[in-house]
Amino acid sequence: MSATALYTLNTAHWTFDFSAAVQMQNPGEPYRGTCPAYLVEHPEGTVLVDTGVSPELVADPASYGPAGAAHMAPLLETLEQNEDQHLVNLLDSIGYAPEDIDVVVMSHLHTDHAGNLDLFPDAEFVVQKEELRYAFYPDGVQRLFYVTGDFHHLRRMDYDVTAVRGEYDVFGDGSVVAFPTPGHSPGHQSVQVELSDAGSVILAIDAANHREGYEGELAASFAHSLSDSVESIQAIKRRAELADADVYVHHDPDDIGRLPEPPAALE
């Protein structure tokens with residue numbers, strides 16, 4: 001069985017230095033990256049991959065979550081998000097409400113991927129166990145990107161959290177498969193989707209932050225492990241070759257613009 005549609009829902013644009021996204025390349029050049037979530041339609045359920053940037057964080061970082069996130073205020077000065085880009089409104093624009101989401105696959109728990117988790121209290125959350133553990137006690141530069149207000153809900157007993165090691169086949173039919181691609185963060189995972197019309201698609205997420213980084217195997221400068229990042233990019237390339245899959249890099253607006261449109265959008 002295949003997934004029937006893939007929607008790209010861009011929750012913000014964030015501008016930062018290109019050399020941060022692609023190691024030591026074009027320093028000083030601004031890079032305006034996308035911050036999407038993805039909705040996958042499948043005959044047996046609806047999957048959201050990542051949850052984008054929280055409007056509450058953008059509006060008042062100092063009061064966000066149980067511990068606040070005042071350190072994010074300077075970083076958020078280069079983020080653009082309008083009301084239409086709030087995830088709940090993006091879902092509504094394609095005919096969905098938060099309660100329609102059955103499974104949320106988290107690529108990792110950095111703040112540009114893990115906002116809005118509180119919108120989905122009844123969904124199953126799929127996250128790599130190593131990522132879940134590290135997020136609460138990050139170190140080094142990674143401390144900037146893990147905001148407890150995003151993901152503290154995952155510690156609640158009433159949230160359905162599937163903490164996995166290795167690959168995870170969401171529907172058991174090979175149509176939506178999360179697979180580990182550590183490096184950008186310790187428990188980063190990418191997602192392969194088999195679409196009935198467009199064939200195999202790999203959402204590399206942040207395994208690379210730009211097409212140039214993916215092609216040249218140049219990870220983000222702030223990656224948790226540069227060596228693991230390179231190995232993960234190489235693993236994605238091998239997987240794509242075996243599956244004849246197209247690979248898409250999360251923050252690259254040109255790459256995201258190439259994603260196959262859902263069939264209804266083509267009518």
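I call a residue buried when its relative accessible area is under 20%, exposed when it is over 50%, and partly exposed in between, with a 1.4 Å probe and protein chains only. My helices (H or I, at least four residues) and strands (E, at least two) are DSSP runs numbered from the N terminus.

**Before I start**

I am working with a predicted model, where local features need pLDDT of at least 70 and side-chain atom pairs count only at pLDDT 80 or more, while totals for chains, interfaces and linings use all residues. I count residues from 1 along each chain as its sequence is written, and side-chain values use heavy atoms, leaving out hydrogens and water.

**Entry: helix H8**

I looked up helix H8, which has 18 residues, 226–243. The expected span of a helix is 1.5 Å times one less than its number of residues. For H8 that gives 26 Å, and the end C-alpha atoms are 26 Å apart, so the two agree.

Which residues of H8 are buried? I found Ser229, Ser232, Ile233, Ile236, Arg239 and Ala240. Seen down the axis of H8, these buried residues fall within an arc of 125° (taken from the directions from the helix axis to the C-beta atoms), so they line one face of the helix. On the other side of H8, I noted that Arg238, Glu241 and Leu242 are exposed.

Next I asked what covers the buried residues of H8. The cover includes strands S9 (176–180), S10 (189–195), S11 (199–205) and S12 (246–249), as well as helix H7 (211–216).

**Entry: phenylalanine 171**

I then went to the loop between strand S8 (168–169) and S9, where phenylalanine 171 lies. Is phenylalanine 171 buried or exposed? It is buried, with a relative accessible area of 17%. Using contact as heavy atoms within 4.5 Å, and not counting residues up to four places away in sequence, I found that phenylalanine 171 touches His42, Glu44, Gly45, Val47 and Val176. I also checked alanine 3: it is 168 residues from phenylalanine 171 along the chain, and their C-alpha atoms are separated by 9.9 Å.

**Entry: salt bridges**

Side chains of opposite charge can pair when their charged atoms come close. I count a salt bridge when a side-chain nitrogen of Lys or Arg is within 4 Å of a carboxyl oxygen of Asp or Glu. How many salt bridges does the structure hold? I got seven.

One of them joins the side chains of glutamate 80 and arginine 32, at 3.0 Å from N to O. This pair links distant parts of the chain, with glutamate 80 in strand S4 (residues 79–80) and arginine 32 in strand S2 (residues 30–42), 48 residues apart. Glutamate 80 is partly exposed at 35% relative accessibility, and arginine 32 is partly exposed at 40%.

Aspartate 158 forms a salt bridge with arginine 156, with the closest N and O atoms 2.7 Å apart. Here I read 49% relative accessibility for aspartate 158 and 41% for arginine 156.

Arginine 258 forms a salt bridge with aspartate 255, with the closest N and O atoms 3.2 Å apart. Arginine 258 is partly exposed at 42%, whereas aspartate 255 is buried at 3%.
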